[in-house]
2 protein chains.
Amino acid sequence: MPSSAPELRRVTVLSGGVGGARFVQGLLYGLRSGVVPGGSADTEVTVVTNTADDWWVHGLKVCPDLDTVMYTLGDGIDVERGWGRREETWSARTELEAYGVEPTWFGLGDRDIATHLVRTQMLEAGFTLSQVTEALCRRWLTPAHGTRVRLLPMSDDRVETHVAIADPDTPSGRRVVHFQEYWVRLRASVPAEAVVVVGQDAATPAPGVLEAIAETDLVVLPPSNPVVSVGTILGVPGVRDAVRATRAPVVGVSPIVGGSHVHGMAAQMLTSIGVEVSAAGVGRHYGARSSGGVLDGWLVDERDAAQLPRLEEAGVRARAVPLMMSDHDATAAMAAAAVSLAWPA
Amino acid sequence: MPSSAPELRRVTVLSGGVGGARFVQGLLYGLRSGVVPGGSADTEVTVVTNTADDWWVHGLKVCPDLDTVMYTLGDGIDVERGWGRREETWSARTELEAYGVEPTWFGLGDRDIATHLVRTQMLEAGFTLSQVTEALCRRWLTPAHGTRVRLLPMSDDRVETHVAIADPDTPSGRRVVHFQEYWVRLRASVPAEAVVVVGQDAATPAPGVLEAIAETDLVVLPPSNPVVSVGTILGVPGVRDAVRATRAPVVGVSPIVGGSHVHGMAAQMLTSIGVEVSAAGVGRHYGARSSGGVLDGWLVDERDAAQLPRLEEAGVRARAVPLMMSDHDATAAMAAAAVSLAWPA
């Protein structure tokens, strides 16, 4: 796919956890290696990250998406698992279980706990989550990693995704659980009847978020969960408007390939909000900027090429390319395709 | 040493960390095995434990003496080190160092961190340290350990030992450091010019402490630090008076053997308050109940037998026996000697 991309000085990505982190890793690799049109190792990448999965557990503030992005880009991630630290140990988890402390289904690794201790202590000392994130990233996102990347939480305010599930044992027949309980304990195995993002209406974007969207050369929605990751970022008051208003093109990468998600639980979440679980379904859910949505372009997997006309009908420029992030080269090629889609020749 | 001890239903020990914990372990062993006169496996032992070494580190409430006693009696202690958990791992410490977070000289083990997480979260939820300690001990001090023992913090209030040291770089020529910094970072290698126990005057004994001293058959001061362990317990308003007033005999075991401490840093601390570093010096520092002190009897090591007359002169009944806690049998024999000293035949 040829491209007439201008010099890419800045790219802004609205990311969730594993999928977004891997995409950004490939994007950075592609920028350094020169395969991304207009890009270079000097391109500054800002990752605005979902914080609606955050929660407090065992007295610690845990930010799964921020940490997944930070560890992935800082080469500290457990690649097999996709989250948490490499060479992790689990002594504290064993002990917490021995004490009988709930929740026993959310295991914190010992290395990971250090991150949460630093974060919790800084938050309790009055620093904002943005400041804490910047401090933590001083260790992980150094020039030694060959990146010019910064990580911003979507908001410094408490925003929490909760999921309503059927529960015949309650008077209402429903129970609302924190996203982590839905995802980690229940493994998204029961239907989500509704998603409730507590605190979202009152939240404000973290410092730098609106600027990163307004003053950039490209906005990318990576293959993250459209509901509980990118959806919650766009739901912070002001963010969707900023994406709609930016002069930069906005392109997205489908998290749905061949009728299901590649990682995570996008299918369950899309179903809960009545969106068709397909590449075209998600693209149309985001919608074309020309008709009130947030997208200029939408990449789908080559297996979903038959859905391209439905996207073009909706005013979204679309292309089909291989969308499996199997290695850095494959992911960099996806990032290059996203850029090419923003500025087609 | 023959003894006319009555049935020992209850024993109360005022303990610091390693030395006190090992003594209590030997006492319990001796009660179970029948070598302690009047005692049995049914004897209830209450350990009132120093909390003036407690501090907050990395946002966690750490209670070194409570934990040392709890882990020792619950068979979870690292026996070689004398403190902390057996089969400990240190992943979180490595990570905290990588983040550059101070203090780097106070290492928290991963297993140990779980204890601090439970404690910190309970304290922040509004439970008292007594309640937290009881909850933690439900895991460690079970009947399966063959003990009838309970652990009480000396106070639920914040009481903190600080140490004044010379520092030519300050205007006053002095610097005041937390006890943990003096002990762990400086390894008590500089003279302590003064000991300041912050918050002590305003503290009240924890629930059950005064009752455990008044309504017992025997009070024991184990070979703990007379200044920063037993001294701080006695310094909680009401405790010294309770020890002086109890109808039970009060006997102590010298932490100084042959002119120096066996564990810890009693020598440095005694010097800082102008007390002679000897078995007799400590015994006379505690003083005889008959003349305003807290002791009826005082056990010294056989190497210090020549000091017995100085103790008897001061009104303290004294005996010389082997005082090395080299194994459970040796320690049980010390405990038996302490009981025999309380009720000499």
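This is a predicted model: local features need pLDDT of at least 70, side-chain atom pairs count only at pLDDT 80 or more; totals for chains, interfaces and linings use all residues.
In total, 21 residues of chain A are in contact with 20 residues of chain B.

**Where the chains meet**

- On the side of chain A that touches chain B, α3 (91-99) and α4 of chain A each supply at least two residues.
- The largest share of that side comes from α4(A), with ten residues.
- Sorted by class, the side of chain A that touches chain B holds nine nonpolar, seven polar and five charged residues.
- Which residues of α3(B) are buried? They are B:Ser91, B:Ala92, B:Arg93, B:Glu95 and B:Leu96.
- Just after α3(B) comes B:Gly100, with a positive phi of about 75°.

**How the copies are related**

**The fold of chain A**

- How many helices and strands does chain A have? Its secondary structure comes to 13 helices and 14 strands.
- The radius of gyration of chain A is 19 Å, close to the 20 Å that the globule rule gives for 345 residues, so chain A is as compact as a globular protein of that length.
- Along its principal axes, the C-alpha trace of chain A spans about 60 × 50 × 35 Å.
- Of the 345 residues in chain A, 53% are buried.
- Take the contacts in chain A between residues at least 6 apart in sequence: 71% of them join residues at least 24 apart.

**The nonpolar core**

- In soluble globular proteins, nonpolar side chains tend to be buried together.
- Here the largest nonpolar core has 204 residues.
- Within this core, A:Val24, A:Ala338, B:Val24 and B:Ala338 touch the most other members.
- Neighbours within four places in sequence aside, B:Ala338 is in contact with B:Val220, B:Val251, B:Val253 and B:Leu299.

**Helix α1 of chain A**

- Helix α1 (residues 18-33) of chain A has 16 residues, which at 1.5 Å a residue should span 22 Å. Its end C-alpha atoms are 22 Å apart, so the two values agree.
- This helix, α1(A), is mostly covered, with 13 of its 16 residues buried.
- A:Gly34 follows α1(A) and has a positive phi, near 85°.

**A closer look at A:Ala314**

- Where does A:Ala314 lie? It is in the loop between α12 (308-313) and β14 (317-321) of chain A.
- Is A:Ala314 buried or exposed? It counts as buried, because it has 20 C-beta neighbours inside 10 Å.
- Not counting residues up to four places away in sequence, A:Ala314 touches A:Arg284, A:Gly287 and A:Ala288.
- A:Ala314 and A:Gly283 are 31 residues apart along the chain, and their C-alpha atoms are separated by 8.9 Å.

How values were computed: Residues are numbered from 1 along each chain as its sequence is written. Chains are lettered from A and ligands numbered from 1 in the order in which they are written. Helices (H or I, at least four residues) and strands (E, at least two) are DSSP runs, numbered from the N terminus. The expected span of a helix is 1.5 Å times one less than its number of residues. A residue is buried if 20 or more other C-beta atoms lie within 10 Å of its own, exposed if 12 or fewer, and partly exposed in between; C-beta atoms are placed from the backbone. Two residues are in contact if their C-beta atoms, placed from the backbone, lie within 7 Å. Ala, Val, Leu, Ile, Met, Phe, Trp, Tyr, Cys and Pro count as nonpolar, Asp, Glu, Lys and Arg as charged, and the others, Gly among them, as polar. A nonpolar core is a set of buried Ala, Val, Leu, Ile, Met, Phe, Trp, Tyr and Cys residues joined through C-beta atoms within 7 Å. The radius of gyration is taken over C-alpha atoms; the globule rule is 2.2 Å times the number of residues to the power 0.38.
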